[in-house]
Amino acid sequence: MTDPVVCDVGSDTFKVGFASERFPSQVIPSVIGKSRDGRCHHFGHDALQQRNEVTLSYAVQGGIIQNWEDAEGLLSHTIGTLTKDMYKDSKLLITEPAFNPVKNKKKMFEILIESMAFDNVKIANQSILVLYAHGLLSGMVVDCGEGTTQIVPVYEGFAPEHLVKRHPITGSLITKYLSSLLQVGSNSKFAYDMVTVKQIKEKLCYAAQDLKQDRRLIRETTVLIENYVLPDGTAVRVGREKFECTEAYFDPSLVDIECAGLSDFIFDTIQECDVSMRRNMYEHIILSGGSSMFPGMPNRIQKEIRQKYFKEILNEDQSRINRCKIRIEAPSHREYTSFIGGSILSELMSENSSDFWVTKAMYHEFGVERLVST
């Protein structure tokens, strides 16, 4: 096998493919289903399908691997499925989030080189890879995932750690909020498991452009109401829940969290950057991650940042409005941009073994402590 393997690790899914590929070949839910006696394990989609007969276990929480036994099982399953177990002695680029603990990097090298026998390994920052997928070295990456929402300024390929922020509203929290909204009113008589609620979220929910108008339409009309068929065949009516759940991104107090909304959070993070960086940040605000896929989310964020910039930076001076160059980049495939960046980078570096990859020989010669400190 000549092409490096690329694995983007997330709280919701593992995305796996080869460096020569534009999109991942395998997208597998990062969940394991364990039988009651613990003898049988089901992975990914199979685990979700068997969820009433097994205990579900999530290896990655908050973007960070918490259960290494499950993580190793998922890695072996996803990569093994892709390569037909022909990955030994090959190259692997695997992603990590901001603030990934050093102990996790050590454990990752140990599993990948010792247990799975990869010959060359690279652990790469997800947000920097997102920029590479856009052909950029500088920009503000807003990575909205199931387990974490990261705001990461990247300048000339470097993410200053003191500027990286985590917003408390995540995709899983939106799912829980939607679940609570569905338990109110006529829908309260139905039973919803979290997998079903997540499916409703992904199919029907959106970010409102005019919240007052959408709330008025719900009160006075039925144009926003849609039916969703539950696994047992029951149809439920979903209306205000479609946009009220995502509103928590912009008003965290709805879920009892005291914090600025996502748009304000992005604006404040950019303003904390050095003056020389800010223009790049405002002109390249890059949305990524599956929880950024809600229809209307890019426009809502851009609208609110523009309003805040006009008020706080331009002091509401209309004559200076043309200086307000704020651009949100949100490609339709943005749930895969970290993988795409990793694919591009690992293909470019596939023949480089001295500066980019950590080799098996280096691992055994220098030890993992030295490798993660460089």
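**Ground rules**

I am working on a predicted model, where local features need pLDDT of at least 70, side-chain atom pairs count only at pLDDT 80 or more, and totals for chains, interfaces and linings use all residues. I number residues from 1 along each chain as its sequence is written, and I take side-chain values from heavy atoms, with hydrogens and water left out.

**Entry: Gly44**

I placed Gly44 in helix H1 (residues 44–49); helices (H or I, at least four residues) and strands (E, at least two) are DSSP runs, numbered from the N terminus. Gly44 has a relative accessible area of 0%, so I noted this glycine as buried. My scale is under 20% relative accessible area for buried, over 50% for exposed and partly exposed in between, with a 1.4 Å probe and protein chains only. I also checked Gly44 against Leu74: the two are 30 residues apart in sequence, and their C-alpha atoms are 8.1 Å apart in space.

**Entry: Thr196**

I found Thr196 in helix H6 (residues 194–204). Its relative accessible area is 2%, so Thr196 is buried. Leaving aside neighbours within four places in sequence, I listed Arg51, Tyr228, Leu230 and Pro231 as the contacts of Thr196.

**Entry: H4 against H12**

How do the axes of helix H4 and helix H12 cross? For H4 (residues 126–133) and H12 (residues 337–348), I have the axes coming within 7 Å and crossing at roughly 75°. That makes H4 roughly perpendicular to H12. The axes are lines fitted to C-alpha atoms, for helices over the stretch in contact, with angles from 0 to 180 degrees between N-to-C directions. Angles under 35 degrees count as roughly parallel, over 145 as roughly antiparallel, 65 to 115 as roughly perpendicular and the rest as oblique.

From H4 I wrote down Gln126, Leu129, Val130, Tyr132 and Ala133, which meet Thr337, Ser338, Ile340, Gly341, Gly342, Ile344 and Leu345 of H12. Sorted by type, the residues of this contact are seven nonpolar, five polar and no charged. I count Ala, Val, Leu, Ile, Met, Phe, Trp, Tyr, Cys and Pro as nonpolar, Asp, Glu, Lys and Arg as charged, and the others, Gly among them, as polar.

**Entry: H9 against H10**

The axes of H9 and H10 come within 8 Å and cross at roughly 155°. The two helices are therefore roughly antiparallel to each other. On the H9 side I have Phe267, Ile270 and Gln271, and on the H10 side Arg278, Met281 and Tyr282. This contact divides into four nonpolar residues, one polar and one charged.

**Entry: aromatic rings**

How many aromatic pairs does the structure hold? I have six. Rings of Phe, Tyr and Trp (its six-membered ring) pair if their centres lie within 6.5 Å; planes under 30 degrees apart count as stacked, over 60 as edge-to-face and the rest as tilted.

One I followed up is Phe267 with Tyr282: the ring centres are 6.3 Å apart and the planes stand at 50°, so this pair is tilted. Phe267 is in helix H9 (residues 262–272) and Tyr282 in helix H10 (residues 275–283), so the pair ties together parts 15 residues apart in sequence. Both Phe267 and Tyr282 are buried.

Tyr282 also pairs with Tyr309, edge-to-face, at 5.0 Å centre to centre and 80° between the planes. Tyr309 lies in helix H11 (residues 297–312) and Tyr282 in H10, so this pair ties together parts 27 residues apart in sequence. I noted Tyr309 as buried too, like Tyr282. Phe267, Tyr282 and Tyr309 make up one aromatic cluster.

**Entry: charges over rings**

I found the charged end of Arg300 over the ring of Phe250, 4.1 Å from its centre. Lys122 lies over the face of Phe356, at 4.9 Å from the ring centre. To qualify, NZ of Lys or CZ of Arg must be within 6 Å of the ring centre and within 35 degrees of the ring normal.

**Entry: positive phi**

Asp256 has a positive phi of about 60° although it is not a glycine. I traced Asp256 to the loop between helix H8 (241–244) and H9, and its relative accessible area of 74% makes it exposed.

How values were computed:
Contact means heavy atoms within 4.5 Å.
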